[in-house]
Number of protein chains: 2
Amino acid sequence: MTIEDAGTAPARRTTLADVARQAGVSTALVSLVMRGAPGASPANREKVFRVARELGYVPDSRARALRQGRSQLLGVMFHVQQPFHADVIEGVYEAAEAAGYDVVLSAVTDSRSEDKAIGTLLADRCEAVILVAPQSSREWLAEVGGRLPTVVLVRHVRHPDLSVVRAADMKGLGLAVDHLVGLGHRRIVHVDGAGSPSAEQRRRGYRAAMARHGLEPRIVRGGWAEINGSQAVEQLLSEDDLPTAILAFNDPCANGVLSTLHRSGISVPEEVSVIGFDDTHLAGFSHIGLTTVRQDAGQMARMAVGRAISLIERKDDPEVHRDGVVVPDLVVRGTTGPCRQ
Amino acid sequence: MTIEDAGTAPARRTTLADVARQAGVSTALVSLVMRGAPGASPANREKVFRVARELGYVPDSRARALRQGRSQLLGVMFHVQQPFHADVIEGVYEAAEAAGYDVVLSAVTDSRSEDKAIGTLLADRCEAVILVAPQSSREWLAEVGGRLPTVVLVRHVRHPDLSVVRAADMKGLGLAVDHLVGLGHRRIVHVDGAGSPSAEQRRRGYRAAMARHGLEPRIVRGGWAEINGSQAVEQLLSEDDLPTAILAFNDPCANGVLSTLHRSGISVPEEVSVIGFDDTHLAGFSHIGLTTVRQDAGQMARMAVGRAISLIERKDDPEVHRDGVVVPDLVVRGTTGPCRQ
DNA sequence: CTTGACCCCTAGAACGTTTTAGGTTGCGTG
DNA sequence: CACGCAACCTAAAACGTTCTAGGGGTCAAG
């Protein structure tokens, strides 16, 4: 009796041994029955099921994994405030389940770093991790890749230990610029993703497309969140240098752009056209339907899971070492229109 | 060599025993050092740390939990497409970490039911679960509550085995109605949450407030997602019975309302005022700032974690059995204005 | 009657930790 | 010199599973 045991341990849950005792059989037999493995008589099978149900027995996944030497677990690091990541997670659950793997999520928040998020996935003995839009350094990602099969989503990074799944960002921004030019726009600004994953590729795509049309590129610093879009527009307004079209880094950023334009009494798309990137559930629906470059979250999730499993099971799939590229397409909604200047 | 072993098990990770062998000490000592417990000489301490680092050793959280008889794990069930839930998760991580607990997330998606989400939390041997806006039956929730400490968030349900944390929904809708009435509105429609958790309470709050002002209530069936808000407005339009103000079940629903109003050329707030509920990160920012009833996700998360831990540690805290009620407030932004009819 | 094959079942080891119960030192003291 | 006491260390058990190896039956074939 020390001071420390003020906090009592929680009640013990019922175990395989409890069921075995109650049913008058060995634990091995109960294990068999619970897994649906062959080798038990119908009578015993029925009895074990009944007792298990009565006692509310649920197998301990940790003990199981420990014994089996493998967890059948796919770890997913994601950013909790990114709607696009939510779409990816939906797809990951579906694909993983189909392949017989479980999923463990580890969120990045304002107060929980990517390091910590990845650390818990390692401690949970995931067999592979899927990192959605990681912002960590290439070196740290490579170290993770060296430890266990790692698939990086929505970020350009080239390393033998990392399998990459991403959208064709250059192509995506090309589509967006083409669309705007087709509508007569010539002063097209890119509010970029600053240091976000794949921001560099999207800048490149923007510059290339502008060059193709003989137009002058102009990039304003943005970011992945709404606030960044807002601030970028505020800067443009303060410089009295508003373009006729804005190409945002992603949908949340585009939302910020729209928000500030609206507050400033500038009408969309009459005065300024706006395009996003992602086509998330959320953005697609909001007030003025956002014209955006769609990258298929479900398809990317399926590719990521497929690669993760290939790596785990060491199928020598050469595809895994090539970037998995998803082709984006443009979804035209209400935030783009003909240039009136 | 059978056909089945085409899929090889993944590479073995380095274990405590590996470190012990390499450092020439016992596993017990390595365990001591890794946990920072007293009883190791400085020399050995240093050596063990070095070897562990060299081998990239990460303790196996499952084996640890298994041995200790407790997981120190808080399970959280949430709906992946609900921005408000993301806000809650941020808070849960923070509060849990402060209290020395780890968090395991289990998402509900289109293809992953609440049953399944809760099932994995049970199998993971969480010591308590926090269910965010569960839609399951009262009976099933009670059964979960009977198995392990359970905190239900954002839903009204009365049961001795369930601890509830929620906003004062009645009060919240009262604030919203008062605000609208203050602006001169009299034809105020509530697009409700249909069968969603706490939808009933919000309906009640709406009816009570309307009655207080001597106004005729009108409720249109909605839901928790954007699509539901859109459809509700379509119905109102088709009946040619548009009110001057709409009170939506939550922010996503309000977004749907705004979306369809806009597509129909109806201006907000000039012709119709709109109010949401939640005040999520996302909704707060979008184009036209949404006037909404704010429920503090961080505060609710902290309360939930506090209650979960009280229950785990059997502190006989009578508070736990009372509903934890967070007082909402109204955040006035751009979607409400004076009634012009 | 023996043999072998099959079916059903169980004992016990193993997974990677933590913890318990001790076992060695070395050293200061009587 | 014997004793006691720290300080440091380790062997072995335990957690809840799964899996291996094998033990008894029963039955048909030799």
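This is a predicted model: local features need pLDDT of at least 70, side-chain atom pairs count only at pLDDT 80 or more; totals for chains, interfaces and linings use all residues.
### The surface near DNA strand C

DNA strand C is surrounded by 23 residues, and the closest of these are Ser41(A), Asn44(A), Leu16(B), Ser31(B) and Arg67(B). At least two residues of the surface near DNA strand C come from each of helix H2 (27-35) and helix H4 (61-68) of chain A, and likewise from each of helix H2 (27-35) and helix H4 (61-68) of chain B. Sorted by class, the residues of this surface are nine nonpolar, seven polar and seven charged.

Of the atoms of DNA strand C that lie within 4 Å of the protein, 68% are part of sugar or phosphate, while the rest belong to bases. Several individual contacts with phosphate oxygens of DNA strand C can be named: a backbone N or O atom of Leu16(B) is 2.7 Å from a phosphate oxygen, an N or O atom in the side chain of Ser31(B) is 2.4 Å from one, and a polar side-chain atom of Arg64(B) is 3.2 Å from one.

### The surface near DNA strand D

DNA strand D is also surrounded by 23 residues, the closest being Leu16(A), Ser31(A), Arg67(A), Ser41(B) and Asn44(B). Among the atoms of DNA strand D that come within 4 Å of the protein, sugar and phosphate account for 71%.

Two or more residues of the surface near DNA strand D are given by each of H2 and H4 of chain A and H2 and H4 of chain B, and the largest share, four residues, comes from H4(A). This surface divides into nine nonpolar, seven polar and seven charged residues.

| Residue | Atom of the residue | DNA strand | Distance to a phosphate oxygen |
|---|---|---|---|
| Leu16(B) | backbone N or O | C | 2.7 Å |
| Ser31(B) | side-chain N or O | C | 2.4 Å |
| Arg64(B) | polar side-chain atom | C | 3.2 Å |

### The contact between chain B and chain A

The size of an interface is often given as the accessible area lost when the parts come together. For chain B and chain A the buried area is about 5900 Å², with carbon and sulfur atoms giving 53% of it, and 62 residues of chain B are in contact with 62 residues of chain A.

Four salt bridges are counted between chain B and chain A, including one in which the side chains of Asp60(B) and Arg125(A) meet at 3.8 Å, N to O. Across the same interface there are 24 residue pairs in polar contact, with both residues at pLDDT 80 or more. On the side of chain B that touches chain A, the elements giving two or more residues are H4, helix H5 (83-98), strand S2 (102-108), helix H6 (114-123), helix H10 (226-238), helix H11 (251-263) and helix H12 (281-285) of chain B. H5(B) supplies the largest share of this side, eight residues, and by class the side has 27 nonpolar, 17 polar and 18 charged residues.

### Domains and backbone features

The domain assignment divides chain A into domain 1 (3-59), domain 2 (68-167 + 297-326) and domain 3 (169-296). Taken over C-alpha atoms, the centres of domain 1 and domain 2 of chain A are 34 Å apart.

In chain A, the peptide bond from Val268(A) to Pro269(A) is cis, with omega near 5°, and Pro269(A) sits in the loop between helix H11 (251-263) and strand S9 (273-278) of that chain. In chain B, a cis peptide bond joins Val268(B) and Pro269(B), with omega about 5°, and Pro269(B) lies in the loop between H11 and strand S9 (273-278) of chain B. Arg125(B), a residue other than glycine, has a positive phi near 60°; Arg125(B) is in the loop between H6 and strand S3 (128-132) of chain B.

Methods. Residues are numbered from 1 along each chain as its sequence is written. Chains are lettered from A and ligands numbered from 1 in the order in which they are written. Side-chain values use heavy atoms; hydrogens and water are left out. A residue is near a molecule or strand if one of its heavy atoms lies within 4 Å of it. A polar contact is a pair of N or O atoms within 3.5 Å; within protein, one must be able to donate a hydrogen and the other to accept it, and residues adjacent in sequence count only if both atoms are side-chain atoms. Ala, Val, Leu, Ile, Met, Phe, Trp, Tyr, Cys and Pro count as nonpolar, Asp, Glu, Lys and Arg as charged, and the others, Gly among them, as polar. Contact means heavy atoms within 4.5 Å. Buried area is the accessible area (1.4 Å probe) that two parts lose on being put together, summed over both. Domain bounds come from an automatic or database domain assignment.
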